[in-house]
Amino acid sequence: MKALTWTKPLSEITLADAPLVGGKAAHLGAMLRAGFQVPAGFVITVDAFVDHFGQLTDPLVKPTPPRIQPELMAEVVNNIVEHLGHETSFAVRSSSTDEDSSQASFAGQHSTYYFVTPNRIDQAILDCWMSLWSSAAIAYRRAGWADIAAVEPVRMAVIVQQMLPATRSGVAFSRDPVDQKNTDVVIEACWGLGAALVDGRVSPDHIRVSEAGALTNYKISTKKHQVQPTSKNYTGARLQEVPKAQQHEAVLSTPEAEHIANISQQLETLFEYPQDVEWAYVDEDLYLLQSRPITTFPGQHSIQQPLVIFKPMAENFTEPLTPMAEDLFASVLPRCGALYNGRFYLYLDFLRSFTPWKVADHELAEIALLRQPETSGKLSIAKLIGLGGLLSLGFLADGINWLRTSRVSNRALLGFKQVVQKVAADPKLNAKQTLQRLIWGRHPFEPISHQMFYTNVSAGRYFILISVLNKIVTTFLPDYDTNELPKIYHSQNDMASMSMLNRIEGLTQTLRDLLASNSPTYTQEREEVLAALEGKHHTLPSQGAFTQEFEQFLDEYGHRGARELELAAPRWREAPADLLSLIYSNAKHPPAEDRTYSSHLVARDNLHQRLKPWQRRIVDNLVAKVSHYIRLRENTRHLHIMAFSATRDKLLAMEAEYLRLGLVQIPTDIFFLTFAESQDLGAGKLDPEDAQLTIRKRRRNWQRLSRQPTPHTINIQYPERASGADQTGQCASPGIVSGKARVMFSLTQGHELQPGEIIVAPYTDPAWTPLFSKAGGIVVETGSFLSHAGTVARELHLPCLVDVNGCTQSIKTGQTITVNATEGYVSLPGVEV
């Protein structure tokens, strides 16, 4: 029997109507009645669905699409005239009875259609109904997100609303969705429509507003693509490139972010549950598109073993690895750990087998994190003997290679470039084979310069040699300040990172001279370079001194870039905009005075004068060894990154072919498949639609994991610590400096750094090197004495403090702070951090 009416205006709907209109429409109606700005519209109720499909008992079995009855279309037309009379196109949205609950959100699983014209509205309604049985929705139910057996049969209502030509969109969580104890409002924002944000196709700005309503953190992401509000974008699937100048701009102002946060808190009060709110701006007018309870997410894995993060990887970027990078790295990493949520962890039991002391789990974890814990452990003679025997066997098996790395020269290392070029040009080697060949080599008897990853790892022995050097010097000179030693064993001009910095300084000076020149000869070049640097043009001019020098730089260093250990991260030669922005920013200021080498000579001479001749020979020998291994570690890092770059090039070539064939939809899709899946997709063994569902699910999961703080340990219990213990850090480069803080979350903010400001960041990697010569000091949340930040800071005699937990939250940009890297703490006005 037909219902009396199949439609209901949004303005008349309350939460009690959820069984009739679905969870989404019920929340929209409640918001509208509470006075919030919601696009006008009406709902085609569940009764219409039932009258067209009949009683359905199995939500996993797709029925035959029905023919929409004329009576329903007559009601729809009447409602359009009454509630949307001046509109020429509409948004048609699904609203099922099992979505937007506290148990299951079904976010992005059902269909929404944009810019629907009156002559297509019947098809859009039918498509919304049928999306109840889309592959994504069925997979969601099968995964156990909704307890189907415990609820009424699933039904679908359809919302017809005013179509908003949104210029900015996003979501707001009234509570932190990954940390229930954190009361911050978390906002994500992108350009254009929000469809690409919801399914993970764009990287949004990430914003935090305190419970009191003040913006505390704004992380600007590189927003390369957007879903433009055009009539051709019927499904919201079409992505267009964001203008270069806009990619690094903040989507929201501070008042706008605080306003959205306040509204999300009001909605939490209205619905009596933390809310996930979708919003959009049309010019300066804010509209609310949806509000649903925040649902919790299950863990990706269940791991029982105690784990400690592999610090050398974690200190280079905090984001998780993409699925492709995780999969390929698993094929070359030793079996001493596990990849968990996109991050590599070491098995604590494996580490214990190489530890001759009896120490608690948390003490061993602190040692693995390259910290200096106060241990209560006693030396185990039995373990010491066993470990000695194991190391002896290891030396017999691999001692030749270990000795070879102690003598390898920089000139020999450069031979690895030819190896990379040869492997990269071999069409018989796929991406996985390329990475394996370049990481581990063909066989153990190859030149040691061809085994770059092994050489890089073995160079880490300098950390032990530094401890020996410190012990010997303090034995010879008990009152000597060992913080002076880094000035002696650093300042080597043949270190790749310093050579790169010097080349960037040279580029900066070339640009500085060009901008300062009044010669008519350089007028055109100056104008064209400026247009490129300011985002008016996409490329530098084809000729000119600066362009030529920059291209030469990319020939040698173009394989590097931000997050360079991540295969999905673009290299400088692909996307030089951030690097050019840093050079342009540095060129606006006079060059800093270079006193590093003179400091090195003064420190060396002061030590020599106090040592006896035989003591000097011992110390100089150790200093030479430390310098060699520091240089070796940095230079092999520069070279083995070529292996990742060559692997990325093979993946990009495969993705380009898949894009041409329509097997994937947008650039970077390939990085959200495993390597085996990508091969199956190309061979026709994996359906492109199934692959796209997998990609979108993993993109959303990757973004969720990116929001989570990285746990340094898993399944390891720590004793209670004294208040403020986590607020200190480790000295990576000694010194004391006071200045204004500049909190930076990515290299895209590099142009904001002013000379003498102190960088405060979650991490730094080699791509941040151009900033160091301008900074007054460095404070990072994740790092160690061995990290790149520490190594380059010691070269520049720049105070650097690492492992300062929560520093990006407790320190604010513009705040005057004092970094005491020598004693290991940061002082805020009236507070010690």
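Predicted model: local features only at pLDDT ≥ 70, side-chain atom pairs only at ≥ 80, totals over all residues.
Residues are numbered from 1 along each chain as its sequence is written, and side-chain values use heavy atoms, with hydrogens and water left out.

Two packed helices are described by the angle between their axes and the distance between the axes. For H18 (residues 462-476) and H25 (residues 613-661), the axes come within 9 Å and cross at roughly 160 degrees. Such axes are lines fitted to C-alpha atoms, for helices over the stretch in contact, and the angles run from 0 to 180 degrees between N-to-C directions. The helices themselves (H or I, at least four residues), like the strands (E, at least two), are DSSP runs numbered from the N terminus. H18 passes H25 in a left-handed crossing, meaning that the near helix is turned anticlockwise from the far one by less than a right angle; clockwise would be right-handed. On the H18 side, the contact (heavy atoms within 4.5 Å) is made by Tyr462, Leu465, Ile466, Val468, Leu469, Ile472, Val473 and Phe476. H25 contributes residues including Trp614, Ile618, Leu622, Tyr629 and Arg633. Sorted by class, this contact has 16 nonpolar, 1 polar and 2 charged residues. Here Ala, Val, Leu, Ile, Met, Phe, Trp, Tyr, Cys and Pro count as nonpolar, Asp, Glu, Lys and Arg as charged, and the others, Gly among them, as polar.

H20 and H22 pack at an angle of about 165 degrees, with their axes 10 Å apart, and that makes H20 roughly antiparallel to H22. Their crossing is left-handed. Among the H20 residues in the contact are Met500, Arg503, Leu507 and Leu514, and among those of H22 are Phe546, Glu549, Phe553 and Tyr557. By class, the contact has 11 nonpolar, 4 polar and 3 charged residues.

H20 and H22 also lead us to H23. The buried residues of H23 pack against H20 (496-516), H21 (523-533), H22 (545-557) and H28 (769-772). Since 8 of the 11 residues of H23 (residues 577-587) are buried, this helix is largely enclosed by the rest of the structure. Buried means under 20% relative accessible area, exposed means over 50%, and partly exposed lies in between (1.4 Å probe, protein chains only). The buried residues of H23 are Leu579, Leu580, Leu582, Ile583, Tyr584, Ser585, Asn586 and Ala587.

Just after H2, Gly54 takes a positive phi of about 80 degrees.

His797, with phi near 55 degrees, sits in the loop between helix H29 (788-795) and strand E24 (800-802) and is partly exposed at 21%.

Now for some individual side chains. Glu268 belongs to helix H8 (residues 254-271) and counts as buried at 16% relative accessibility. Not counting residues up to four places away in sequence, Glu268 touches Ser174, Arg175, Tyr273, Pro274 and Gln275. The structure holds 0 disulfides (pairs of cysteine sulfur atoms within 2.5 Å). For Cys800, the nearest cysteine sulfur is that of Cys731, 8.1 Å away. Cys800 is buried at 0% relative accessible area, and Cys190 counts as buried at 2%.

Finally, the whole protein: there are 30 helices and 27 strands, and 53% of the 833 residues count as buried. Among contacts with a separation of 6 or more, residues 24 or more positions apart account for 69%.

Technical notes
Parallel < 35°, antiparallel > 145°, perpendicular 65-115°, else oblique.
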